[in-house]
Amino acid sequence: MATIRYRELRRRYHLDGPEKTVQHLREALAEGTLRPEDFSLRDLAEGLVPDGSEWVRMMDPRHSGGVNLLESAEAVDLTAFLNVTGQVIYSKILEAYTQEAFVVSKLVDTVPTRLDGEKIPGVGRLKDEAAEVRPGMPYPHVGFGEDYIETPSTIKHGLIVAVTREAIFFDRTNLVLSRAAEVGEVLGVNKEKRLVDLVIGATNNYRWKGTNYNTYYASGESGPWVNALSGNELVDWTNIDAAEQLFAEILDPHTGEPVLVEPNTILVMPAYRHAAARVVNAASIEYAAANRPTTTHAPNPLSRYRVYDSRLVYRRIVASGVTPAAAKKWWFLGDFRKAFAYMENWPITVTQSPPNSEADFNQDIVVRFKASERGAAAVINPRYVVKCTG
């Protein structure tokens, strides 16, 4: 645990200014040289508030000397304390919001947008033969046709972390940071679940050229593509090959050519984490055709795949009505960044309430920090992912 020199922090705050000081703390917290747990709310108050020790002491009614704290609080400058405390709490919220357990959130791109759901045009691609240019002839133009997708409306999510007088006086920093971590985790889980439900097909919000489609269609279903394969439990390289063959049959709706996809990611359930790693990382593969006396050994061509597993994905599949035994055998293969995206109006953002608010009088809350984010999970192109079940 790092030792915080609060008097030095206060001196640097006044010399460098609030913006530079907070930026330095933000970088130190992001790099891990400082941790939110290294700070103390009481020590921050005593070190950064003018006459901070007296201000903290006056929180005890026995030592207030009959002074009305609400009237005297107007003369207390809490700016430095609130700025630094806000950065510490934001760091804890962000740490929980972006934790490694949120696998799918890291597999898809975040697309900034200022719209509450938008219509994204696609390029009306020309067939390959149309690109031929004869001598003296003009080059053909590629424009935006009637190809477009519509993303769903965005939704705002948020929670509040409160810092009470008791939290400062009794130095209950760990409790406040625990609440901040809960806020970040709740918001992170909510975002992850919305993305997971798209990946597994529990939610279908792909709207292409004004028509709604499911994310996955199996052979024999009335869909414009086939990207779901049953009876394909991940046992060896042949199962991955079977999933890859589906991509060869998915055509670009404009050109009639195969969709140009290089699948690079495999997402499995925890029960198949080691099985998938064994298949992908094997030094070689073995092939023996039926009724053939010879066996072929070859280098493993699957090393390009990254394998991920997620307990939350497994639990969401079960929550969708699939039995646990069957859910364990689900797995997905494709390019997730081309298939899905998170349309984000604003990232996780923390704002603080002004000091001496009504909450201070009613609930002894010195300051509140509101964490919020707004966005929507969207299917961008389901032709870039394949779902396999056992």
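1. Let's start with a term we'll need: a salt bridge is a side-chain nitrogen of Lys or Arg within 4 Å of a carboxyl oxygen of Asp or Glu. Keep in mind as you read that this is a predicted model. With that rule, arginine 179 and glutamate 182 qualify, since their closest N and O atoms are 3.6 Å apart. Across the whole structure, a search turns up 16 salt bridges.

2. Stay with that pair for a moment. Where do the two partners sit? Both arginine 179 and glutamate 182 belong to helix H9, and they are 3 residues apart, about one turn of the helix. Arginine 179 is partly exposed at 42% relative accessibility, and glutamate 182 is partly exposed too, at 41%. Elsewhere, salt bridges that share partners tie Arg35, Glu37, Lys92 and Glu95 into one network.

3. Now have a look at helix H3, which covers residues 41–48. Here the side chains of arginine 42 and glutamate 46 form a salt bridge, with 3.1 Å from N to O. These two are 4 residues apart, again about one turn of the helix. Arginine 42 has a relative accessible area of 24%, so it counts as partly exposed. Glutamate 46 comes out at 26% and is also partly exposed.

4. Arginine 12 pairs with aspartate 16, and their closest N and O atoms are 2.8 Å apart. The two residues are separated by about one helical turn, because they are 4 residues apart in helix H1. How accessible is each partner? Arginine 12 is partly exposed at 31% relative accessibility, and aspartate 16 is partly exposed at 28%.

5. Arginine 12 turns up again when we go looking for pockets. The second largest pocket has a volume of about 280 Å³. It is lined by 13 residues, and the closest to its centre are Glu8, Leu9, Arg12, His24 and Leu25. Helix H1 (6–16) and helix H2 (18–31) are the elements that give two or more residues to this lining. Sorted by class, the lining residues of this pocket are 5 nonpolar, 3 polar and 5 charged.

6. The largest cavity has a volume of about 50 Å³. Its lining includes Pro36, Phe39, Leu44, Val88 and Thr173. H3, helix H6 (79–97) and H9 each supply at least two of the lining residues. How many charged residues does the lining of the largest cavity have? There are no charged residues there, but 8 nonpolar and 3 polar ones.

7. Is glutamine 87 buried or exposed? Glutamine 87 has a relative accessible area of 7%, so it is buried. Leaving out its neighbours within four places in sequence, glutamine 87 is in contact with Val22, Leu25, Arg26 and Leu29. The C-alpha atoms of glutamine 87 and glutamine 23 are separated by 9.0 Å, although the two residues are 64 residues apart along the chain.

8. Asparagine 83 is also in helix H6. At a relative accessible area of 26%, asparagine 83 is partly exposed. Its contacts, neighbours within four places in sequence left aside, are Tyr13, Pro18, Val22 and Gln352. With tyrosine 13 there is a polar contact between the side chains, at 2.8 Å. Asparagine 83 and glutamate 19 are 64 residues apart along the chain, and 9.0 Å separates their C-alpha atoms.

9. To finish, back to helix H9, which runs over residues 173–200 and holds arginine 194. Which residues does arginine 194 touch? Not counting residues up to four places away in sequence, arginine 194 touches His157, Tyr342, Glu373, Gly375, Ala376 and Ala377. With glutamate 373, the side chain of arginine 194 makes a polar contact of 3.0 Å.

Technical notes: Residues numbered from 1 in each chain as written. Predicted model: local features only at pLDDT ≥ 70, side-chain atom pairs only at ≥ 80, totals over all residues. Heavy atoms only, no water. Polar contact = N/O pair within 3.5 Å; in protein donor to acceptor, adjacent residues only side chain to side chain. Contact = heavy atoms within 4.5 Å. 1 Å grid on protein atoms, 1.4 Å probe; cavity = no way out; pocket = protein on both sides within 12 Å on 5 of 7 lines; lining within 4 Å. Points joined across faces, edges and corners; volume = space filled by probe spheres on them. Nonpolar A, V, L, I, M, F, W, Y, C, P; charged D, E, K, R; others polar. Buried < 20%, exposed > 50% of the residue type's maximum accessible area, 1.4 Å probe, protein only.
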